[in-house]
Amino acid sequence: MRIIPAAMLALALGMPAMASVASAQSILGSWSGRGSVTLIPSGQVEPVSCRVSYEKGDSKGRTFVLTATCATTAGTFAQSGRVVKLKSGRYSGSLYSDQYAVSGKVNISISGTRQTVRVSSKKGKGLLKLSKR
C-alpha cells in the first residue's frame, strides 16, 4: 500500500507582504532536504526527500509559486503550490499533487539558509527540513 504514502508525501512540501527586498528573496531559489510524513489514520511514518523551487508569484512580491519533486520508497512525484508571506521568515499556503489529486496546507519557517516545512491534509501530516542549494 505504498501509493497512499506517496500521495500524502506529495503534500510534504513542499508553502506576503514584503518587509524588504532582501527578506522576500530569502525564499526564492532552490532548496532540498529530507523529512517524514505520518499517515492518518494508520500512524505509519514514511521518509521523504525533496527538491523545491520558489519563484515570484506576483509583481509586488507578496506571493510565491513553488514546484517540488519528492522521492519515497514508493517512487517519485511532483507537486505545486502557492504561498503568501505572513511576516519575515514565515509563509503559509497550499499544495496540490496532480499525480495523486491530493491537496493540503503548508506552513514554512525560514532562518538563514534553513527552512522548516510543515504540511497537513485529511490523509496525514509531514515535517521537512530543507537547505538552500
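**A charged patch, a disulfide and some backbone details**

Tutor: Let us begin at the surface, where K87, R90, R118 and K129 gather in a patch of positive charge. Patches are made of residues with over 30% relative accessible area and no salt bridge, with like charges joined within 9 Å and nonpolar side chains (Val, Leu, Ile, Met, Phe, Trp, Tyr) within 5 Å. A salt bridge here is a side-chain nitrogen of Lys or Arg within 4 Å of a carboxyl oxygen of Asp or Glu. Lys and Arg count as positive and Asp and Glu as negative, while His and the chain ends are not counted, and the place of a charge is taken as NZ of Lys, CZ of Arg, CG of Asp or CD of Glu.

Student: What kind of model is this, and how are residues numbered?

Tutor: This is a predicted model, in which local features need pLDDT of at least 70 and side-chain atom pairs count only at pLDDT 80 or more, while totals for chains, interfaces and linings use all residues. Residues are numbered from 1 along each chain as its sequence is written, and side-chain values use heavy atoms, with hydrogens and water left out.

Student: Where do R118 and K129 sit?

Tutor: R118 belongs to strand β7, residues 114-121, and K129 to strand β8, residues 124-132. Helices (H or I, at least four residues) and strands (E, at least two) are DSSP runs, numbered from the N terminus. R118 counts as partly exposed because its relative accessibility is 45%; buried means under 20% relative accessible area, exposed over 50%, and partly exposed in between, with a 1.4 Å probe and protein chains only. The C-alpha atoms of R118 and I108 are separated by 6.4 Å, although the two residues are 10 residues apart along the chain.

Student: How many helices and strands are there in the protein?

Tutor: There are 2 helices and 8 strands, and read along the sequence they follow the pattern α-α-β-β-β-β-β-β-β-β. Of the 133 residues in the protein, 42% are buried. The accessible surface comes to about 6800 Å², and 53% of that belongs to carbon and sulfur atoms; accessible areas come from the Shrake-Rupley method with a 1.4 Å probe, and for residues only the protein chains shown count as cover.

Student: New topic: which residues does the disulfide join?

Tutor: The disulfide joins C50 to C70, with an S to S distance of 2.1 Å. The pair links distant parts of the chain, since C50 is in strand β2 (residues 45-56) and C70 is in strand β3 (residues 63-72), 20 residues apart. A disulfide is a pair of cysteine sulfur atoms within 2.5 Å, and a search of the whole structure finds 1.

Student: Are those cysteines buried or exposed, and why is the disulfide called right-handed?

Tutor: Both C50 and C70 are buried. The torsion about their S-S bond is about 115°, so the disulfide of C50 and C70 is right-handed.

Student: Where is the cis peptide bond?

Tutor: The peptide bond from I40 to P41 is cis, with omega near 5°, and P41 lies in the loop between β1 and β2. Most residues other than glycine have a negative phi, and most peptide bonds are trans.

Student: Which residue other than glycine has a positive phi?

Tutor: A101 does, with phi near 50°. A101 is in the loop between β5 (90-97) and β6 (102-111), and A101 is exposed, with a relative accessible area of 55%.
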